[in-house]
Amino acid sequence: MSDPPLPGERYVNKGRQVRRQRFYDEALFMRQVSGSTGILPVWDIDDAHGAAPRWYAMPRARLLADVFGDASTVLDVVTHITALARTLAALAEQGIYHRDIKPANLFWYDGAPVLADFGIAAFAHRPAGLTRVGDKVGPANFMAPEMRSINGKDRGERADVYSLAKTLFVLAHPRRGAYPPDGTHRVDAEEFSLSSLGGGNAMLSLGHVLEAATQYRVADRLTMADFHAELVAWLDRHAAGTAGFGPLGSRSLGGWGPDLLDRHRRDVEATRAMVVPCIRRIAEALAGDPSAWSEGIDHDNGDRTLGEYYWVDNCEEGFVPDGGFLWVSTRLHDGRRIVLDALLDSDRVCFLAEAQRSGSQWALEQQWGPTSWHRPRMPRTAAQVQQLTDTVVAWLSRPGV
């Protein structure tokens, strides 16, 4: 029986502490791919036991999360995640799926991001049932829905995509917490917002990629190859705009801490509760149907505010409120729609409204606001949005409008 290398500065020893076959598969796989781009190499392995090695040794490596400093931006995060996506896409072509992607298993070695810990991976040469029924496969907040009640049949063909997208979100918000929000990353939901990272429309575009990568239904989700291709396309388009992205250590909502994050969540909920009855009332005045409205901005459809509001630009895209915004709009009626927008900046909120005409592109017909900045959830704040709504409804009721 051979002995493992002595622990020291050069080695990290991994011994058999899990189910035997699972460890054997991992050790042999790591030796097989040692030296491959994007995978932490194996420096030594127990070769005295053939297909049942008792240990293997790897070089010491930094956690990828520790590579990002306060001056890093989301561009740095996306660049390194893109490199890992390329590695995972190559593995997927061979029928190999990691199934435990999370920040703790992503490392920085020899100037590049690398994968490690294939302890619960699905390998092409073994059947899917590597785990017993009911075994945990990955951490819950990073785990794809189909892997949460493992029955031994799902190999996790697109589970790594879901987990890598969740990991990207967490790394981009280093002070927001160790775990991502659960579920599909809806671009119109505040808990999944990337707006605090700067970048304006670039963040919306990245949000759409994360949404496609975290779809609940496996068939609706991006493949790893497609996820990699979309990230490459995003970087090709936005990497030159470095000045527009805020440092991870300054503008991230995570820097507020848990208490302020909870307060922000309640501010958003209360503001939405104020806005929804108002847009319903405007929709009834415009189209005779209080349900003729929608929520969530669609930049691909040309959604944006058209008026001049004289805010001070804080990024390349202009003014982007630190706390995000709520965009609601009536449906198009006789060539016109009314947009109602609530902007949340730190512990303040203000409202504006616009009448927009359709055409080859939206044209501004009338604008109202912005209202004064007030604290969310306050009576005066509710009164402001109600007064703004009264003004819009009165304008719609004028003869000839």
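I started at D100, which counts as buried at 10% relative accessibility (buried is under 20% relative accessible area, exposed over 50%, partly exposed in between, with a 1.4 Å probe and protein chains only). The side chain of D100 meets that of K102 in a salt bridge, 3.9 Å from N to O (a side-chain nitrogen of Lys or Arg within 4 Å of a carboxyl oxygen of Asp or Glu). K102 is partly exposed at 23%.

I noted the ground rules next. The model is predicted, local features need pLDDT of at least 70, side-chain atom pairs count only at pLDDT 80 or more, and totals for chains, interfaces and linings use all residues. Numbering runs from 1 along each chain as its sequence is written, and side-chain values use heavy atoms, without hydrogens and water.

I searched the whole structure and got eleven salt bridges.

I then looked at helix α6, residues 257–287 (helices are DSSP runs of H or I, at least four residues; strands are runs of E, at least two; both are numbered from the N terminus). E269 and R265 sit four residues apart there, about one turn of the helix. Their closest N and O atoms are 3.0 Å apart in a salt bridge. E269 is partly exposed at 45%, and R265 is partly exposed at 40%.

I followed R377 to D267, a salt bridge of 2.7 Å, N to O. R377 lies in the loop between β11 (363–368) and α7 (379–396) and D267 in helix α6, so the pair ties together parts 110 residues apart in sequence. R377 is partly exposed at 34%, whereas D267 is buried at 4%.

Last, I logged a network of salt bridges linking R336, R357 and E365.
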